[in-house]
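Subject: Handover of a structure and notes on its salt bridges

Dear colleague,

Please find below the structure that I am handing over to you. My notes follow directly after it.

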Amino acid sequence: MASNNFKFLFRLISLLIATASAQLSSNFYATTCPNALTTIKSAVASAVKKEARMGASLLRLHFHDCFVNGCDASILLDDTANFTGEKNAAANANSMRGFAVIDIIKSQLENLCPGVVSCADILAVAARDSIVALGGPSWTVLLGRRDSTTASPSAVDSNIPSAHRSLIPQLYFFTNKGFTAKETITLLGSHTIGQARCTMFRTRIYNDTNIDSTFATSLRRNCPTTGGDNNLAPLDTTSPTSFDNAYFKNLLNEKGLLLVDQQLVNEPTIYSQITEYSNNEEAFRTDFANAMVKMGSLSPLTGSNGQIRKNCRRLNEQISPSTRNVMKCQLLYSFA
C-alpha cells in the first residue's frame, strides 16, 4: 500500500511539473525584452571569469530557490523589520553566494525594460549560463516565472538536502520533488564544480574508511581537527573549475569530498550509472541538461500570481488596504 501511495505521489508531482512547463515559454521575452538573455549571459560570463567559483554559487542559488516552494526567487528576499526571508535559514546561512551578481543583472534589465523580467527567470537563466561558462552543456530555459511576495524560512531546512545527512535521506529530498533516482544522481553531478567548507567534510577525512588515504591526507593540511571551519576545498579536485564528468571518476577512486557523494557507489543500481557517466561524458551532459529543465519547472508562479520585483531583494512597494481606504475617503470627500 505504501509503495502504491508513493507511486501515485510521484506521478502527481510529475504531472504538476509537466503542467507548469506548459505555462512557460522559451520566447517569453522575445518582444517585451529581446535583449534579456544576452544581457544575463554577458553578466554571468564576466562574473565567472572573475571568479570561477561563482558559477557553482549561481547554480546553487537556483537549486535552493526551486526546492523551497518552487522557482519563485523567494531566496533573494532580504530580512526586514517586518519580514523574515530565507537567507538566514540554517541550510542557507553563511553559505549562499551570488546575490550581488543577480543585483547587477536585475539593474541592467530594469534599465533596458523596466518591470518586465522576473528575478526568478534571472536565476534560471544565470544557472544555465554559469554551467556553459564553465564548459558544461546548454539547454533551453523556459521563461515566464513571476516572483513571490512571500518567503518560508521554516520550509528551507525541510526541503534542502544537507551534506551531513547520509545517502537515503538525501535521495528522499529529490524523489519528493518528482525526480527519479537517475535524475537525482545526474543533478548531484553538479558537484564537479564548486567548493565546500571544512566543517562539511572534516568528519569524513578523519574518520571514514571509504576514502583514498593520500586524498584524505592532502585535505587535512587545510582542514585541521579543530578550527579552520570555513577553509575551502574543491568538490572535484581533478578539474574544479570545469564542468565535466571527473566527479564520477573521483567517486570510483574513493575521492568524493562529501560522505553523501561517496556513498553513492555502495548502491548497485547507482554504481552502474556512475560507471556509465565516468565513461561517457556526453551522456552525463545530456541528462544533466534535461534534469535542469525539470528542476526549473518546479511550481513556478505564472499569469497574474506573484509580481515582477523591481529589486530582487525586496517586494515592490504596495499600498496597504488601510491606506487605500483612507485615500478613497479623501477622494470621495474632495467631490462632496
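Predicted model: local features only at pLDDT ≥ 70, side-chain atom pairs only at ≥ 80, totals over all residues.

Residues are numbered from 1 along each chain as its sequence is written, and side-chain values use heavy atoms, with hydrogens and water left out.

A salt bridge is counted where a side-chain nitrogen of Lys or Arg lies within 4 Å of a carboxyl oxygen of Asp or Glu. The count under this rule is twelve salt bridges.

A network of salt bridges links D78, K87, D103 and R313. Within it, the side chains of R313 and D103 meet at 2.6 Å, N to O. This pair connects distant parts of the chain, 210 residues apart: R313 is in the loop between α14 (281-295) and α15 (321-334), and D103 is in helix α4 (residues 99-112). Helices are DSSP runs (H or I, at least four residues), numbered from the N terminus.

D78 and K87 also form a salt bridge, at 2.4 Å from N to O. K87 counts as buried because its relative accessibility is 14%, whereas D78, at 25%, counts as partly exposed. Buried means under 20% relative accessible area, exposed over 50%, and partly exposed in between (1.4 Å probe, protein chains only).

A further salt bridge joins D121 and R145, with the closest N and O atoms 2.6 Å apart. D121 lies in helix α5 (residues 119-133) and R145 in the loop between α5 and α6 (153-156), so the pair ties together parts 24 residues apart in sequence. Both D121 and R145 are buried.

Yours sincerely

Key. Helix = DSSP H or I, 4+ residues; strand = E, 2+ residues; numbered from the N terminus.
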